[in-house]
Amino acid sequence: MVGVGSGGSLLVLVITAFCFFSSLVAFEVTYDNRAIKIDGERKIILSGSIHYPRSTPEMWPSLIKKSKDGGLNAIETYVFWSSHEPQRRQYDFSGNLDLIRFLRNIQEQGLYAILRLGPFVCAEWNFGGLPVWLGNMPGVRFRTQNDVYTNEMKNFTTLIVDMIKRENLLASQGGPIILTQIENEYGLVSSSYGDEAKSYVNWSISLAKSFNVSVPWVMCQEWDAPEVLDTCNGWYCDQFYPKNPDAPKVWTENWTGWFNEWGGANPLRTAEDLAFAVARFFQYGGTLNNYYMYHGGTNFGRTAGGPYIATTYDYNSPLDEYGNPNQPKWGHLKQLHLVLQSIEKILTYGEVRNINYGNMMSATIYDLNGKRACFFGNANETNDRTITFEGKKYHVPAWSVSVLPDCQAEVYNTARVNTQTSVMVKHSRDSDEAPLKWTWRREYLEFLKGHPSNKRSEYFRDATSATQLMEQKLVTNDSSDYLWYMTSVDIDGNDPVWGKEEVTLQVRTEGHILHVFVNGRHMGSHRAKIRSYRFVFERSVKLQHGKNTIALLSATVGLPNAGAYYETIKQGIVGPVMLIGTNNQAKDLSTNKWVYKVGLHGEAAELFRDDAPGHHNWLSENLPINRSFVWYKTTFKSPSGQDPVVLDLLGLGKGAAWVNGHHIGRYWPSYLAPEDGCSSTCDYRGKYNPNKCLSNCGKSSQRWYHVPRSFLRDEGNSLVLFEEFGGNPTLASVQTVTVGKACGNAYEGNTLELLCQGGRVISEVKFASFGDPKGNCESFETGSCESPNSLSVVENLLVLHRFIMLIYKCKWQACVGKESCSIDVSEETFGPSGCHGSIKRLAVEAIC
Ligand code: GAL
């Protein structure tokens, strides 16, 4: 109740109401051949992809804030159908699936939103974001003019659009959504669908239009749909021009790096190259750039696509998996964004003129009634260039773009990074803590010994059978990675072929992992190699006279998420399954009676839940090490501070991990990246591809696993692992991620900002040189000239500097003992360097 006398409350109410209604002011979104227009005004849109299920609601506000601080004015996301409708007509919008809350967070921070409905999304998401139950519906064919498919697609997209409208989230309702996308990169597969492709595209467009969202629709990488915006995806889009001459040049996916795979190395796309691609896109008339991903995040649970997409979806994005700025990428792009926004009007309304200097060197001049902005682009991979423009000389390094907001002074060059490089480190738990104490249980496998149709255990209540080998998804509906295929074989001791006892068992599977048991004994396991998932398992086995039980456990590691007809790719044991006896006589077991049991016993018993029944059955003695099919459990204290928390699982094999019942994803640290393919140096020049600048060769594809802080309580956190291959849990530990070193690299005329994290301060400056230092972070060397004061200025101000600072109240300060500091890179700060000619720079390596 608001009392008349409570003036304060009334004021608050009025202000709140004002804010509420002002955020509900509708605006119009249109476009012309130059840009997206908001209420008739052309805009530069700098957007970043953040997929809400790849982080947590607790992380969203800070991720969005860091995006805004990084100079973005929009956030893009797909909508993840398979997660929202895990079973047909049963919906989930809870927790990190709360799409509305995510969009509200974007709106609250004053950013635009781009909503890509798909519902096919690709995105390295399990099954491309389409539900597996849909793939199992009789007669379905994905992404084509097929009634089963289109009915479901219509049902889901209508549901989402209705929700959005109900919540007033469209621009036309005063909400943040300025663009919507239907389908995803259909042009890449359309030729495989023949004539139906065209009618499906038309149908998709008419469906989209029927939603009346009053904002433009996008179909990225679809070149035959003039009624919607066709847009570009890739590492470079400067040479892309939409087919429709009345449409602007829009880049829906600027790949900021690449995704991690089990068995792969770590991708790195340099800040210089990414900035080059963006600046070139704007040089050549682009006005909307969306970073895919700006924050990649984590494939929690079983959401990773595949096969073999890793749990981390870091993507080498400007914000790392845990939400920390990935420096220098984040900062280097931020500076570019500020410059671009400062010339928004000139870029979107100015007249354009190009000068070709030859050899991949060009200048683009935007002129708006005499107000000019220039881009000098050098796309030559090896040669720096000095050009003369209007009587003045400009040096443009190879593979770089300079931006001159007034066509006179260069304020930004994509190859000159003036931002800190952060070297991230992992810290083990607080020193006063005892090592983790593990308890364990074996996965229940007793049933393997009996006859498979003898469903003695409760666990077999829902087993099914068929006289054929069944495709895995069809049986599991993807409710688990695991499916047991069990059969029995009668061996007659008098048979000349089969009486020998020693025979070869041959199993052909489409992947991805196979464990073989005969009469309860583990005969071996095999995993597919990355990118060749089909294999034949062959082992000599001993059979007994009479009944023998053959049990095959097949495990998938992420379902395919891309390509035409990907839903028809078979998973699991498709056969044949053969026994090969003497004289190569074979018994084909494929049409035997097979009993199917979906999932592990431990999954059914929910061993990962704190309140799981039978929790007292965990053993503390004789901890098994390097044994397959073991469940491990421990408890741990939350690490102090606010730094992100990770599990270091080096030493474990493969499996899945849960913290306080939250499935943090599959783990597979025993799968190493190939020994070769990495290089110690990385040249930003030349076109990026995912094999360039790889790191981590010969090491675990993924060693650390993110545990969002919101999954934790102060004390008594439970960690449960299911270990499938065998590993050593005593080597696992809980760690935090923070900035270990802040390296600075800034050119004269700029300000170098150094920043530690989590309240830590700079304890030491290991290197500082103002002059022409060489090398990179952690390997800097003094060049041919430097200011002798370099180190002491950065470490601690000289008396003279302190005095000057006092008089002029300068903002720069010394670094040691500070969480952050900023240094003007100039001779005034450091004194004469003795360098002549070249642009001087400051290199610093500071320890946090
Ligand atoms: C694109 C696709 C995205 C994502 C990306 C690779 O082709 O549209 O969803 O899969 O490739 O990361």
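1. Helices (H or I, at least four residues) and strands (E, at least two) are DSSP runs, numbered from the N terminus. On that basis, S214 is placed in the loop between helix 7 (195-210) and strand 8 (217-220). The phi of S214 is near 60°, a positive value in a residue other than glycine. S214 is partly exposed, with a relative accessible area of 49%; buried means under 20% relative accessible area, exposed over 50%, and partly exposed in between (1.4 Å probe, protein chains only).

2. The model is predicted: local features need pLDDT of at least 70, and side-chain atom pairs count only at pLDDT 80 or more, while totals for chains, interfaces and linings use all residues. Residues are numbered from 1 along each chain as its sequence is written, and side-chain values use heavy atoms, with hydrogens and water left out.

3. The ligand is surrounded by 14 residues, of which the closest are Y78, E124, E185, E253 and Y315; a residue is near a molecule if one of its heavy atoms lies within 4 Å of it. By class, this shell has ten nonpolar, one polar and three charged residues. In these classes Ala, Val, Leu, Ile, Met, Phe, Trp, Tyr, Cys and Pro count as nonpolar, Asp, Glu, Lys and Arg as charged, and the others, Gly among them, as polar.

4. Taken alone the ligand exposes 310 Å², and the protein buries 94% of that; accessible areas come from the Shrake-Rupley method with a 1.4 Å probe, and for residues only the protein chains shown count as cover.

5. Y315, listed above among the closest residues to the ligand, has a positive phi of about 65° although it is not a glycine. Y315 belongs to the loop between strand 11 (288-295) and helix 9 (329-342), and counts as buried at 1% relative accessibility.

6. The structure holds 60 aromatic pairs. Rings of Phe, Tyr and Trp (its six-membered ring) pair if their centres lie within 6.5 Å; planes under 30 degrees apart count as stacked, over 60 as edge-to-face and the rest as tilted. Y444 and Y459 form an edge-to-face pair, because their ring centres are 6.4 Å apart and their planes stand at 80°. Y444 is partly exposed at 26% relative accessible area, whereas Y459 is buried at 6%.

7. W631 and W658 form a stacked pair, 5.7 Å centre to centre with 25° between the planes. The pair links distant parts of the chain, 27 residues apart: W631 is in strand 31 (residues 630-636) and W658 in strand 33 (residues 655-659). W631 is buried at 0% relative accessibility, and W658 is buried at 5%.

8. R666 is located in strand 34 (residues 662-667) and is buried, with a relative accessible area of 4%. The side chains of R666 and D481 are joined by a polar contact of 2.7 Å. A polar contact is a pair of N or O atoms within 3.5 Å; within protein, one must be able to donate a hydrogen and the other to accept it, and residues adjacent in sequence count only if both atoms are side-chain atoms.

9. The peptide bond from G118 to P119 is cis, with omega near 10°, and the one from G575 to P576 is cis, with omega near 0°.
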